[in-house]
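Thanks, everyone. Please have a look at the model first.

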Amino acid sequence: MRIDVKKTYKLFIGGEFPRSESGRSYEVYDAKGNFLANPALASRKDLRDAVVSSRGAAEKWEKTSAFNRSQILYRVAEVMQGRAEQFVSEIIAQEGLTKSQAKKQVEKAIDLWVWYSGWCDKIATIYGATNPVSGSFYNFTIPEPLGVVGVFAGGKDSLLDLVHGIAPVLAGGNVAITLANQNFPLSAITLSEVFATSDLPAGVVNVLTGKHSELASWVASHMDIDGIDGSGLDSQVYESVRLAGTDNLKRIKKFSSTQSPERILAFMESKTVWHPIGI
Amino acid sequence: MLSTRSIKTASKLWAIDTAISMIDLTTLEGADTPGKVISICAKAIRPDPTNLEVPHVGAVCVYNDMVKVARQFLDSSGGEQIPVAAVSTAFPSGRASIEVKQRDTEDAIANGATEIDMVIDRGAFLSGNLSKVLTEIVCIKEICGDRAHLKVILETGELVTYDNVRKASFLAMAAGADFIKTSTGKVQPAATPAVVLVMLEAVRDYYQLTGKKIGVKPAGGIRTTKDAIKQLVLVNETAGPEWLNPELFRIGASALLNDLLMQRMKMKSGQYSGRNYVSLD
């Protein structure tokens, strides 16, 4: 008789899979209420470590050419495709969907990466502008990434909502600290294994599993996080995040789950250049 | 044990301030300019301009030709009490004749250095020519005299074994070093806790033998508050609490100071700080 090899679910920080420094974990249950897994329960110190890693990666990711970023996001889709069955079985277990429903969600999530991959080198072309000004200047505006963005994943589609959060952040040249859906964390953990094997530089996405209510205020008040996608937070926690995030003028947004270039632009800054001409 | 979260609140604040006061704030790059040296001197005097409770650092450590710039700025800006340390003797390799090394040291002291960080000849040490190593340290010590403290850099990353580190430590102390220092910062591994432990034990044993207290300076690779606190714990547990002062323990670092300041801000404000809120290093 063979003994099953059980998986230890860990965090994803700086391209590595550490346990929580607190040593804690919590229990998640499947759709029928049976025990499913013991993911790590991230502490605020894990968050701090993730921010240090993200800040280091932000410089590199911002400098990566838009075309290359596009290739890497497409690579994420490719690697996800190879892992589709694992995603499907985890979604069935977590959310209690039928196989065909789960498969549909995985395919949509993969397609979403392809879609945002295409935006990487087009966002500045389409949403940048040349501005008519009075004077001998060539004046133009381009969107540039904000930096480190915290993404709270929630919603009922554990994988699709997660990709709705992360992909636009990366497409704009930002880096993401992802707080996984606390009830359905397995999709986020498997997705981090995809990131680890997709040419994505270490630290561009960090994934923490744990309780949103415990970490939200620390994400909000952290002075080195520039933006938050709070789509996965309930409205009460979201309001407290908005309050705690005022100190460093953090950009805090909430979206419905639609794919849109607006989600990329939400975490970009417009830079306007006055370039002298004809002198 | 040293990595767990055992040091909290008031003790942590004390540890952070103690570590800041022990830093030899260092810039040792080929691309150093007078402007950069002045900016680290300003930071040495007042590490956090928004908070005057933060102590000044232990010393400023620069290349020889920047000593004058550093000394003049410190003297004219309220940093008279901060010594300038110069890395002399053909730093970092030490590959020059003794005459050149002596001249190098003379020059640094003439320009206002009151601490000399010299490197030992690792090639001679490893090939067993201990008398050459010893003679060189004695020569440089003679030049320093009462004018400057002598720190001897062992470059432990090139000494291969812990036995060698202990041997080199004793050699340096016997030759008249006021401080023994782990590394130049140009070779990895640098100031690992294990190497610092060996050196602290050597210093402790030397004190028991001779009654003379020699300082220790780990340098290179100490970047986070946690690293620094680990070092302080090692000092306290090995050499003893008397060594927990800038006269007998220094940390050679540049990036460490910002991490200490950010941790200090976190303790005061309750929220994690970021790189945008401290000066560049």
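Between chain B and chain A, three residue pairs are in polar contact, both residues at pLDDT 80 or more. A polar contact here is a pair of N or O atoms within 3.5 Å; within protein, one must be able to donate a hydrogen and the other to accept it, and residues adjacent in sequence count only if both atoms are side-chain atoms. On the side of chain B that touches chain A, two residues are nonpolar, five polar and four charged.

A word on the source. This is a predicted model, in which local features need pLDDT of at least 70 and side-chain atom pairs count only at pLDDT 80 or more, while totals for chains, interfaces and linings use all residues. Residues are numbered from 1 along each chain as its sequence is written, chains are lettered from A in the order in which they are written, and side-chain values use heavy atoms, with hydrogens and water left out.

Back to the interface. Chain B puts eleven residues into the contact and chain A 15 residues, contact meaning heavy atoms within 4.5 Å. The two chains bury about 1,300 Å² between them, 44% of it on carbon and sulfur atoms; this is the accessible area (1.4 Å probe) lost on being put together, summed over both. The rule finds one salt bridge across the interface, that is, a side-chain nitrogen of Lys or Arg within 4 Å of a carboxyl oxygen of Asp or Glu. B:R275 and A:E59 form it, at 3.7 Å, N to O.

Next, the lysine. B:K43 lies in helix α2 of chain B, residues 34-45; helices (H or I, at least four residues) and strands (E, at least two) are DSSP runs, numbered from the N terminus. Is B:K43 buried or exposed? B:K43 is buried, because its relative accessible area is 8% and the cut-off for buried is under 20% (1.4 Å probe, protein chains only), with exposed over 50% and partly exposed in between. Its side chain makes polar contacts with the side chains of B:N258, at 2.5 Å, and B:S279, at 3.1 Å. Among the other residues that B:K43 touches is B:L25.

B:L25 takes us to strand β1 of chain B, residues 23-26, where B:I23 and B:L25 point one way and B:D24 and B:T26 the other, all buried.

Notes:
Nonpolar A, V, L, I, M, F, W, Y, C, P; charged D, E, K, R; others polar. Lists of a residue's contacts leave out its neighbours within four places in sequence.
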